[in-house]
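Have the structure open as you read.

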Amino acid sequence: MAIETINSDCMLCVWDCGIKATVEDGRLTEVKGLPEHPISKGYLCPRGEALPSYVYSASRLTTPMRREKGRWQKVSWDDALDYCAEKLNAVKAKYGARALAVFCGSVGVESYEVATFARRFKGAFGTPNLLSVENICFRARILARQLTYGRYPIEDPNSARCIILWGHNPVGSKGMLGELIKKKLDNDNCELIVVNPKQIPLSEKGYQLLIRPGTDAALALAMLNVIINEDLYDKEFVNNYTVGFPELVEHVQQYTPEWAQEITWLSAFDIKNVARIFARAKPSCIIQGINSLDQHKNGLQNSRLLSILQAVTGNFAAPGSWVTVPRIPLANLSLKDQETPIGSEDYPIFSNLWGRQAPFGIATLFPQAVLEGKPYPIRASIVTAANPAVSFPAAQQFKEALSSLDFLAVIDPFLTETAELADVVLPACTFLEKGGLSHVYGVVFGEPYAMLRRKVIEPVGESWPDWKIWSELGLRLGMEEYFPWHNEEEVIDAYLKGELKDKLKSNPLGTYYGEKEYWVYKNKKLNTPSGKVEIYSQTLKDAGFDPIPIYMEPGQSQYSTPELYQEYPLILISGERAQEYTHTQLRQVPVLRNSNPMPLAEINPATAAKYGLTDGCLALIETKRGTIQMVVRITEKITPGVVSVPHGWASANANLLVDMDVIDPITAYPDFKTVLCRMKPA
Ligand code: SF4
């Protein structure tokens, strides 16, 4: 038996942990962490350990399939791609190229190869419509930080002396970060503050604020009130490097801790305390949760308040605060669009801040474009590394839209819920079956580190790497000039250039491609219109928005919709993460499913008693949008009156409960993180 150990990289989530893969006679049998990897240092989460079950899952797509008379038929690659080309040409002839939307999921966006080829294909085809998770995921905070700092600084917790986990549970969603914080709290002089309606595993090591969901802006404004009025702000930084501080001083006077305690369910005492801890501890960094503040009708402004808290305390560009990680220098293989994607005109700050054109359209407008033809008809879609039938709010609308297209193709290693609606499914390799570039995704965590990922096993079944699928489809559509590559090596050579290419090729475990950018404001002007940190944003003011954020109630609440509250008296928060799964993925992997077999709705014992629910019972969760069933878990760790459900489960999809009726007018983010609901035994 031939046994080989291959050092490579896991791409099941944004962390890109190093892996040591054992391959016996060409079959992957075991995966361990790679201690030599300087970022993950041997760490591996349950998903990484389950990689052998993942690649050989019985649910893998192993051949292309085409739907004929409502049933799946296995077909050859030639048949499948010829059929795709015929249907895409027909849509183009009837409605124009822009009637095609290429949908690239977060996993795709985080994978350079997948995102690059999806973007290149849509450019070559002539449609501007690249859609992704951009207007439900990280874009709001990116814009908020760009509006404030002219760049996108992210948390640099290694040398922080105070960390605020704001709506964030890294033990569930970013295991490696959870480990890092745990070690810091045990060994370093570091304080932890947890802002969350639920206690998280790290709460026992910190100062917990059990906040009312959706009221984070009230807490942030009251903290600013304390920091300013108690003279705890960084005068040197504020005076020299910011604009708008005098306006902020005046603005926050109305937002006292006593005012905020009514709104947030927190005591004024606690609000004052955490404001003092955060301001005095320098360096401090807020680690913002995965959309806990953004999916709100004032989401961008909520995120901006965190930027302003960092700024007034001088916690910008210093080690341990928020710093910028340089982008990896790769060739841009995208093609120039002739027009902008859907939503660009209505959301100009989202789409084009200071001339920085976003490559993505407003994905939540997809159902409207398909079902109502507004702003123009979208009639075909290619979905890659995405599962919008489950992962988007108002899932019913997305499903209906996907089902009513003239043509839908899905590229994926698995038959996802979206693929089940498709005309053609094209089996993609997993990352273990191809080589390519891996890098710690700088949008989520900041380490400028990259690796040339080694292929571990041969493709399973007849699956193909993404570059080949897009290229072969391109050839059939007469776009061969844009897809001149014949193998993986040529593709990698096309996007890797110069020194980085040499460094990566000579360092099989990867290399740092740059350095975090500390103290940037001292040497040069920032890329804001004023060249300084903009506490007061003239850009927002000119666009008709608040130049300094105000507090807004969530779209649904006891105060904003009191009549609805009479009928639906509980607050639903959705999006809880588990280490076994990445978004909607991996439910088909037996070892992970055994470890986390079903979604659970968490409620406080007082809530359970009030509504006749018991631990382990099946409950109906109802909102004005929809109803799902979920098993109840009773826990003291959650605030009474709040219901927490995980996301990503097609069998009990939280996105069936939320809608897109109320949106942030700056970013088009739907307000769906906190929704009113009711519960009863099923
Ligand atoms: S944290 Fe992410 S990259 Fe690391 S092993 Fe788990 S799934 Fe893979």
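There are 36 salt bridges in this predicted model, each a side-chain nitrogen of Lys or Arg within 4 Å of a carboxyl oxygen of Asp or Glu. Because the model is predicted, local features need pLDDT of at least 70 and side-chain atom pairs count only at pLDDT 80 or more, while totals for chains, interfaces and linings use all residues. Residues are numbered from 1 along each chain as its sequence is written, and side-chain values use heavy atoms, with hydrogens and water left out.

| Pair | N to O distance |
|---|---|
| Lys-122 and Asp-337 | 2.6 Å |
| Asp-406 and Arg-379 | 2.9 Å |
| Lys-505 and Asp-493 | 3.1 Å |

Helices (H or I, at least four residues) and strands (E, at least two) are DSSP runs, numbered from the N terminus. Lys-505 in helix H21 and Asp-493 in helix H20 are twelve residues apart in sequence, so their bridge ties those parts together. Lys-122 belongs to helix H5, and its partner Asp-337, 215 residues away, sits in the loop between strand E14 and helix H15.

Now for accessibility: buried means under 20% relative accessible area, exposed over 50%, and partly exposed in between (1.4 Å probe, protein chains only). Lys-122 is buried at 3%, whereas Asp-337 is partly exposed at 27%. Arg-379 is buried at 12%, and Asp-406 is partly exposed at 32%. Lys-505 is partly exposed at 41%, and so is Asp-493, at 28%.

Finally, a network of salt bridges links Asp-78, Asp-82, Glu-472 and Arg-476.
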